[in-house]
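Take a look at the chain below. Start with the whole, then pick out one residue.

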Amino acid sequence: AGLNYERKGTLFLTPQQEYTWDVFRACKDQHNLMVSLDRLAPNGSFTFMANGGMFNVTRLQRCMESHGFRFN
């Protein structure tokens with residue numbers, strides 16, 4: 001929902017950061033996850049923190065993978 005428009009970046013975010021932030025927030029809200037963005041690099045890579053165990057980590061990763069993100 002609202003994730004398919006072309007990002008142009010903002011005053012503070014690159015287009016890649018904007019996309020990561022949009023997907024992260026959408027996944028968090030959609031699944032009611034207890035996660036927070038920790039670091040957001042200019043290329044869109046990121047780290048995050050999760051409360052409440054592996055359930056939140058797994059759900060976030062699966063959701064973000066459906067939008068093209070990959071996790072090691």
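The model is predicted. Its chain holds 2 helices and 2 strands. Read along the sequence, they follow the pattern α-β-β-α. The radius of gyration is 12 Å, close to the 11 Å that the globule rule gives for 72 residues, so the chain is as compact as a globular protein of that length.

Some values for the whole chain are listed here.

| Property of the chain | Value |
|---|---|
| Span of the C-alpha trace along its principal axes | about 35 × 25 × 20 Å |
| Share of the 72 residues that count as buried | 28% |

Take the contacts between residues at least 6 apart in sequence: 36% of them join residues at least 24 apart. Charge comes next. The chain has 8 positive and 6 negative side chains. The centres of these two sets lie 4 Å apart.

Now zoom in on one residue. Where is leucine 33 placed? It sits in the loop between α1 (15-31) and β1 (35-40). Is leucine 33 buried or exposed? Its relative accessible area is 5%. Buried means under 20%, so leucine 33 is buried.

Which residues does leucine 33 touch, leaving out those up to four places away in sequence? They are Cys27, Lys28, Phe55, Asn56, Arg59 and Leu60. Phenylalanine 55 is 22 residues from leucine 33 along the chain, and their C-alpha atoms are separated by 8.7 Å.

Note on methods:
Residues numbered from 1 in each chain as written. Predicted model: local features only at pLDDT ≥ 70, side-chain atom pairs only at ≥ 80, totals over all residues. Heavy atoms only, no water. Helix = DSSP H or I, 4+ residues; strand = E, 2+ residues; numbered from the N terminus. Buried < 20%, exposed > 50% of the residue type's maximum accessible area, 1.4 Å probe, protein only. Contact = heavy atoms within 4.5 Å. Rg over C-alpha atoms; globule rule 2.2 N^0.38 Å. Lys, Arg positive; Asp, Glu negative; His and termini not counted. Charge placed at Lys NZ, Arg CZ, Asp CG, Glu CD.
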